Every structure is written in C-alpha cells, then in structure tokens.
Amino acid sequence: MPTLNYKEEIMSEVKRITAPFDKSVVKSLKAGDNVLISGTIIAARDAAHKALTETLARGEKLPVNLAGETIYYLGPTPAKPGQAIGAAGPTTSGRMDKYTPTMINEVGINGMIGKGYRSDAVVEAMKKSGCVYMVAIGGAGALISQSIKKYEVLAYPELGPEAVARLTVEDFPAIVAIDSEGNNFYEVGQAPYRKI
C-alpha cells in the first residue's frame with residue numbers, strides 16, 4: 001500500500017463542511033478538528049454585534065435573518081482590482097463576548113469563527129443551544145482572503161468594513177477550538193506541556 005505524502009496525510013484528516021450547516025453538523029464537530037468550509041458565512045464584528053443586540057433590545061426585527069448562520073469576526077481591508085475582498089484575517093473573539101450569548105440564544109447562530117479565547121458565559125450558551133466556535137489563523141488574512149469568492153453587504157453599510165456581509169467561501173480553513181459540548185482545544189492542546 002503506497003504511503004501518503006505529507007499534504008495527502010493532512011488533507012485526509014480534514015473535515016469538509018458546507019455552511020450554513022445544521023445542528024447535526026455542529027454535533028459532529030469536535031475540538032481539534034481541522035475543517036474546510038464552503039458555502040456562505042456571515043461577516044460581523046464589534047460594531048455590527050452592538051447594533052444587532054441593541055435592535056433586539058428595542059424589540060425590533062433584525063435587518064437580516066441570522067438563524068442557523070456562522071458568524072466570522074471580520075473587518076476586511078479594501079479589495080484590490082479583481083479581488084472579492086482584501087485581507088480577511090480574524091478579529092479577537094473576546095471583543096464579541098458580551099453580545100455572543102444573545103447571538104446564540106436569541107438569534108440562533110450555529111457557529112462562530114474568530115481567534116482567541118471565549119468567556120465562560122459564551123461557552124455555557126454554546127453548550128445550551130448547540131453552537132461551535134472555530135478559529136482562523138491570525139496574521140494570515142491575505143491567505144484566507146483567497147478562499148473568499150464573494151463579499152455582499154447585507155446590513156449596516158454605514159459601518160464600512162464592520163457592516164454585516166455575506167461571504168461566499170470555498171475551502172475556508174479553520175480549526176474547531178470549542179465544540180458544542182464545551183470541549184476546549186486550547187486547554188486540551190496545552191495540557192501535555194503544563195508542569196504538574
């Protein structure tokens with residue numbers, strides 16, 4: 001039997017998923033899984049999250065239905081000619097933590113993509129509602145942008161790069177950091193290197 005080369009070996013361990021995805025896909029994703037996402041995801045970060053949660057607090061309808069969607073914490077740079085988007089690296093997820101339980105429990109999102117740790121309140125909301133948190137590689141915005149084929153503003157255009165937008169993606173690379181059971185790859189991955 002032929003031996004896999006390094007690239008084939010890595011690719012054989014990658015899960016390919018289509019977004020938006022349902023709760024069965026959420027449950028199938030485990031902390032530490034490498035994923036390639038194709039389909040559509042939603043770009044939104046601090047200013048958009050603030051506007052969305054304030055709209056809900058006023059009892060008003062959101063300008064876009066985000067139920068079942070995956071939110072990428074992104075504030076892109078301007079696109080160069082011939083590109084859908086400029087650099088598209090992740091924003092620090094903790095900046096969204098005060099809004100995230102509402103986004104999970106009331107809005108009904110199924111996934112999030114960003115970078116860094118999440119608060120206990122976010123993890124509890126994820127476990128309660130069935131939601132997954134994935135991370136993209138910080139500092140790799142130019143590379144990540146190659147997987148984004150279309151960028152379409154859906155709401156709050158006045159926020160510029162922080163507007164809510166739909167991204168059409170193909171093989172968008174991410175790692176499951178916290179799964180829907182609350183298993184945290186940051187903790188699991190660091191455990192072997194901690195001194196007892």
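Predicted model: local features only at pLDDT ≥ 70, side-chain atom pairs only at ≥ 80, totals over all residues.
1. Residues are numbered from 1 along each chain as its sequence is written, and side-chain values use heavy atoms, with hydrogens and water left out.

2. The count of salt bridges is 11, a salt bridge being a side-chain nitrogen of Lys or Arg within 4 Å of a carboxyl oxygen of Asp or Glu.

3. You could begin with lysine 50 and glutamate 54, whose side chains form a salt bridge at 2.8 Å, N to O. Both residues belong to helix H3 (residues 46-57) and sit 4 residues apart, about one turn of the helix. Helices (H or I, at least four residues) and strands (E, at least two) are DSSP runs, numbered from the N terminus.

4. How exposed are these two? Lysine 50 is partly exposed at 40% relative accessibility, and glutamate 54 is partly exposed at 34%. Here buried means under 20% relative accessible area, exposed over 50%, and partly exposed in between (1.4 Å probe, protein chains only).

5. Arginine 166 and glutamate 152 also form a salt bridge, with their closest N and O atoms 3.4 Å apart. This pair links distant parts of the chain, with arginine 166 in strand S7 (residues 164-178) and glutamate 152 in strand S6 (residues 148-155), 14 residues apart. Arginine 166 is partly exposed at 29%, as is glutamate 152 at 32%.
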